[in-house]
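Work through these exercises with the sequence and the model side by side. Try each task before reading its solution.

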Amino acid sequence: MTTPGGLLLPLAVLIPFVGVMLGLALGGRNAQRAAMLTIVAGFGIAAVIGLTFVSAGQPITYVLGGWSPPLGIELRADALAVAMLAMVAVVIAGIGIYARADFATPEGAREARAPMLYWLLLLAVWGSLNLVFVSGDLFTLYVALELLTFAGVPLVCLDGKGETLRAALRYLVYALAGSVLYLLGAVLLYGECGTLDLALVAQRLRPGPVGWVALALMTAGLLAKTALFPLHLWLPPAHAGAPPAASAVLSALVVKGSFFIVVRLWFDVAPALPGLPAAQLLAGLGAAAILFGSVIALRQERLKLLIAYSTLAQIGYLFLMFPLAFDGNSGAFIHGDALTGGTLQAMAHATAKAAMFMTAGLLYKAYGHDRIADLGGAARSVPLSVLAFAVAGVALMGVLPSGAYLAKKLLLQAAQASAQWWWDWVLQVGGFLTTSYVVLVLAQAFRKPASGAAPPKAVPRLQAAAALVLALCSFALALAAIVGPVSDNLLGNPFAPKELAATLVTFAGGAVLAWGFGRRHADAAGGSLRRAMLAFASTLQRVDAVLRRWPVAGISLLALALLFGVAMRANASS
Amino acid sequence: MSGVILFGLVACALVGVGLYGFIVNPQPLRKILAFNVVGSGVFLLCGVVARRGAAIGLGGDPVPQALLITGIVVAFSATALAVTVLLRLYEETESTTLAADTPPSTADAKRT
């Protein structure tokens with residue numbers, strides 16, 4: 001059944017693709033103009049969808065061609081989808097403003113390859129993501145997922161250099177393995193339930209071998225596309241090698257598409273199927289991702305690789321909500337505080353990570369390199385960029401009232417309510433680790449410039465402002481969440497002694513970790529504690545290098561599918 | 001052995017062979033081919049599912065066939081994209097290995 005305002009959903013998907021077609025047909029400078037128009041229109045549609053949803057108070061649905069499921073296809077936007085639609089619209093708008101300076105068609109040229117492609121791909125990513133969020137059946141989700149990959153891969157190799165082409169091919173080939181596993185699972189579910197519609201599958205699917213196998217395969221395949229540890233072989237080179245405006249899209253948005261589908265499957269399609277052991281496994285991978293991603297981020301020489309590894313860690317953070325959202329009484333995953341927290345974390349990460357990659361691009365522009373050790377004096381010479389990085393970093397740490405702060409509070413609350421104290425620890429240590437790499441970069445930026453270093457060039461104000469505004473969005477997110485689904489007693493006074501102490505402890509913990517693990521010029525010097533920490537870090541790096549080899553990553557993918565299946569089976573028999 | 005079981009087993013074998021090839025072959029072109037072999041297995045399974053749905057008396061369930069055709073188009077596009085990137089990679093670097101694990105900008109760092 002189509003609800004009032006239902007037509008907005010197909011529009012949200014179609015408008016970006018119409019923009020792609022227009023840009024392709026008009027070419028050259030007009031591609032950018034078409035993209036700008038589309039961004040304005042798409043932003044408006046996302047806003048209207050949000051308002052319609054809030055005023056109606058129920059999901060918006062649209063039945064394509066008047067054919068209702070099981071034969072027809074329904075588009076559906078619930079609270080989760082509306083939140084993600086809005087987040088993507090904001091981030092795309094921010095990136096669009098930033099990218100105007102980097103991807104303008106050069107004066108005198110009629111058409112340049114990279115700018116033209118960039119604008120088309122940006123819109124294609126947007127349209128595919130919107131389709132992921134609103135699609136109501138398993139196969140449309142598959143098509144959307146593939147579209148997203150096809151739009152994301154060329155973004156990696158926009159500059160056409162050998163290394164980025166290799167990164168793009170790694171990404172594409174590994175993502176294809178993931179999507180074929182997803183498709184296999186979807187076909188199995190169709191065979192079992194005789195429908196692809198998510199709501200109908202949810203009604204008809206009973207716990208049993210087919211359900212376990214299908215869900216395990218789909219989950220493993222989607223994790224490969226999300227690059228959850230240990231399936232991350234493609235992420236660091238792909239995200240660090242792309243141009244900054246493209247890295248921002250890939251890191252902030254593209255990985256959220258497959259993450260969203262995992263959430264859909266576990267919370268809406270088969271909430272009673274996976275059970276707690278599988279969720280613990282999922283969150284365990286997340287915890288490992290936080291540890292590996294953060295520590296290896298601290299060992300990086302270049303800022304963009306540091307941010308790429310930080311994405312790896314933050315993806316891990318997103319999966320911590322699964323065991324916390326499990327309701328022991330009903331034996332199912334429920335929409336509640338933990339899911340709200342996880343969604344807020346995903347949204348906060350999207351805005352903050354986009355801002356971080358943008359500032360990395362600005363620093364590169366100013367200095368001609370992005371070696372962290374040589375960024376001394378940046379705080380004085382490019383203050384707006386460093387401020388944007390700092391704000392984005394603080395937004396990720398979750399120390400001041402921001403999206404990530406509320407997310408952490410909600411998850412901690414859920415961990416206490418469900419008596420899973422170990423996730424409490426993971427969340428706290430994860431906060432320290434996030435703080436550590438932000439502190440490391442800022443400490444370098446505030447140092448005195450090395451004598452004899454070339455003075456940095458000025459960077460466009462507008463670009464820095466776009467990054468700063470996106471970073472600040474995380475704080476606006478907290479306000480929106482308080483007005484909306486989150487009770488406001490979570491948002492304490494940030495200057496109350498207890499909150500202040502927590503903030504200080506997080507910064508102190510982060511500083512200690514940054515001191516211990518951080519890369520410095522004189523790495524050999526230091527006491528026994530520092531040496532022990534460095535030895536630990538290099539062990540993690542070696543393990544990471546092994547895990548990112550092709551055969552190992554391929555076996556990990558299948559092994560994870562197997563483990564998920566076994567965990568679901570074990571849950572059913574216990 | 002009924003046709004449904006036979007085709008089901010063949011589908012399983014194709015998926016298995018494809019996944020094995022995907023893991024052990026270092027060459028990207030072979031990985032892309034392996035992906036296509038797995039894909040064929042999945043599409044065959046789709047056909048089996050359609051036939052099983054025919055138990056209610058129809059000649060065959062048309063929905064999986066529609067999925068199959070769409071799936072083939074998607075797999076074809078994926079293969080085309082992957083082969084294009086592979087060719088470009090060969091033109092740029094004269095090698096097709098995916099194994100080199102150098103972060104992408106060591107090359108830039110050397111250049112500057």
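**Exercise 1.** Leaving aside its neighbours within four places in sequence, with which residues is Gly342(A) in contact?

*Solution.* First, the ground rules. This is a predicted model, where local features need pLDDT of at least 70, side-chain atom pairs count only at pLDDT 80 or more, and totals for chains, interfaces and linings use all residues. Residues are numbered from 1 along each chain as its sequence is written, while chains are lettered from A and ligands numbered from 1 in the order in which they are written.

Next, take the contact rule: two residues are in contact if their C-beta atoms, placed from the backbone, lie within 7 Å. With neighbours up to four places away set aside, Gly342(A) is in contact with Leu318(A) and Met321(A).

Now place the residue. Gly342(A) is found in helix H14 (residues 337–367) of chain A. Helices are DSSP runs of H or I with at least four residues, strands are runs of E with at least two, and both are numbered from the N terminus.

**Exercise 2.** Decide whether Gly342(A) and Ser418(A) are buried, partly exposed or exposed.

*Solution.* Start from the cut-offs. A residue is buried if 20 or more other C-beta atoms lie within 10 Å of its own, exposed if 12 or fewer, and partly exposed in between; C-beta atoms are placed from the backbone.

Gly342(A) has 26 other C-beta atoms within 10 Å, so Gly342(A) is buried. Ser418(A) has 17 C-beta neighbours inside 10 Å and therefore counts as partly exposed. Ser418(A) sits in the loop between helix H17 (403–417) and helix H18 (421–445) of chain A.

Gly342(A) and Ser474(A) are 132 residues apart in sequence and 14 Å apart in space. Ser418(A) and Glu107(A) are 311 residues apart in sequence and 61 Å apart in space.

**Exercise 3.** Describe helix H2 of chain A and what covers its buried residues.

*Solution.* Begin with length. H2(A) runs over residues 29–56 and has 28 residues. From first C-alpha to last, H2(A) reaches 41 Å, close to the 40 Å expected at 1.5 Å a residue. That expected span is 1.5 Å times one less than the number of residues.

Then look inward. The buried residues of H2(A) include Ala31(A), Ile39(A), Gly42(A), Ile49(A) and Phe53(A). Their cover includes helix H1 (8–26), strand S1 (60–63), strand S2 (74–77), helix H3 (79–102) and helix H4 (113–134) of chain A.

Finish at the end of the helix. Gly57(A) follows H2(A), and the phi of Gly57(A) is positive, near 70 degrees.

**Exercise 4.** How many residues does each chain bring to the contact between chain A and chain B?

*Solution.* Count both sides. Chain B brings 42 residues and chain A brings 42 residues. On chain B, helix H1 (3–24), helix H2 (28–53) and helix H3 (62–93) each supply at least two residues. H3(B) gives the most, with 15 residues.

Finally, check confidence. The predictor gives the complex an ipTM of 0.89 and a pTM of 0.93. Over residues 102–112 of chain B, pLDDT stays under 50. Where pLDDT is low, the predicted coordinates should not be read in detail.

**Exercise 5.** What does the secondary structure of chain A come to?

*Solution.* Chain A has 22 helices and 4 strands. Buried residues make up 60% of its 574 residues.

How values were computed. pLDDT is the predictor's confidence in each residue, from 0 to 100.
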